[in-house]
Amino acid sequence: MDAESLAQAMSKFDSFLVLISADVSPQLEKLSSRQHCQQVQSGAIRLLLDTYCDISKAIEDPSNGYEHPDLILPRTVEDMEAIFSFAL
């Protein structure tokens with residue numbers, strides 16, 4: 001994928017991740033246990049962050065040919081983990 005298209009996709013993915021609310025979704029509220037709600041929410045956020053990390057590694061890998069990885073990814077993995085620290 002070319003760097004410009006990838007930057008646009010990652011920007012949209014970043015916006016999606018940042019818009020995820022700390023509130024429990026209405027679907028998760030239907031679970032009978034608050035602990036289960038938190039486990040499901042934490043698991044989903046962890047999967048998204050793991051995916052972001054994998055993408056970040058691929059973009060930063062020189063063998064993939066992206067000259068300016070910092071311009072493609074709107075945030076570092078550490079930034080994303082800090083944003084979602086409430087759920088980890």
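**The chain end and the overall picture**

Please keep in mind that the model is predicted.

**After helix 5**

- Is Phe-84 buried or exposed? Phe-84 has a relative accessible area of 2%, under the 20% cut-off, and therefore counts as buried.
- Phe-84 and Leu-17 are 67 residues apart along the chain, yet their C-alpha atoms are separated by 8.9 Å.
- Phe-86 is also found in the segment after helix 5.
- With a relative accessible area of 41%, Phe-86 is partly exposed, because this value falls between the 20% and 50% cut-offs.
- Which distance separates the C-alpha atoms of Phe-86 and Ser-42? The distance is 8.8 Å, for two residues that are 44 residues apart along the chain.

- Starting at the N terminus, the elements of the chain follow the order α-α-α-α-α.
- Helix 1 covers residues 3-19, helix 3 covers residues 34-60, and helix 5 covers residues 77-83.

**An aromatic pair**

- How many aromatic pairs does a search of the whole structure find? The search finds 1 aromatic pair.
- The partners are Phe-13 and Tyr-52, and their rings are stacked, at 6.1 Å centre to centre with 20° between the planes.
- Phe-13 belongs to helix 1 and Tyr-52 to helix 3, so the pair ties together parts that are 39 residues apart in sequence.
- Tyr-52 has 0% relative accessibility and so counts as buried.

- The salt bridge joins Arg-46 to Asp-50, and the closest N and O atoms are 3.0 Å apart.
- Why are Arg-46 and Asp-50 separated by about one helical turn? The reason is that they are 4 residues apart in helix 3.
- Arg-46 is partly exposed, with a relative accessible area of 29%.
- Asp-50 is partly exposed too, with a relative accessible area of 33%.

- Which residues form the negative surface patch? The patch is made by Glu-60, Asp-70, Glu-78, Asp-79 and Glu-81.
- Helix 5 supplies the largest share of the negative patch, with 3 residues.
- Glu-78, one of the patch residues, lies in helix 5.
- Glu-78 counts as exposed because its relative accessibility is 56%, over the 50% cut-off.

Notes
Residues are numbered from 1 along each chain as its sequence is written. This is a predicted model: local features need pLDDT of at least 70, side-chain atom pairs count only at pLDDT 80 or more; totals for chains, interfaces and linings use all residues. Side-chain values use heavy atoms; hydrogens and water are left out. Patches are made of residues with over 30% relative accessible area and no salt bridge: like charges are joined within 9 Å, nonpolar side chains (Val, Leu, Ile, Met, Phe, Trp, Tyr) within 5 Å. Accessible areas come from the Shrake-Rupley method with a 1.4 Å probe; for residues, only the protein chains shown count as cover. A salt bridge is a side-chain nitrogen of Lys or Arg within 4 Å of a carboxyl oxygen of Asp or Glu. Lys and Arg count as positive and Asp and Glu as negative; His and the chain ends are not counted. The place of a charge is taken as NZ of Lys, CZ of Arg, CG of Asp or CD of Glu. Helices (H or I, at least four residues) and strands (E, at least two) are DSSP runs, numbered from the N terminus. Buried means under 20% relative accessible area, exposed over 50%, partly exposed in between (1.4 Å probe, protein chains only). Rings of Phe, Tyr and Trp (its six-membered ring) pair if their centres lie within 6.5 Å; planes under 30 degrees apart count as stacked, over 60 as edge-to-face and the rest as tilted.
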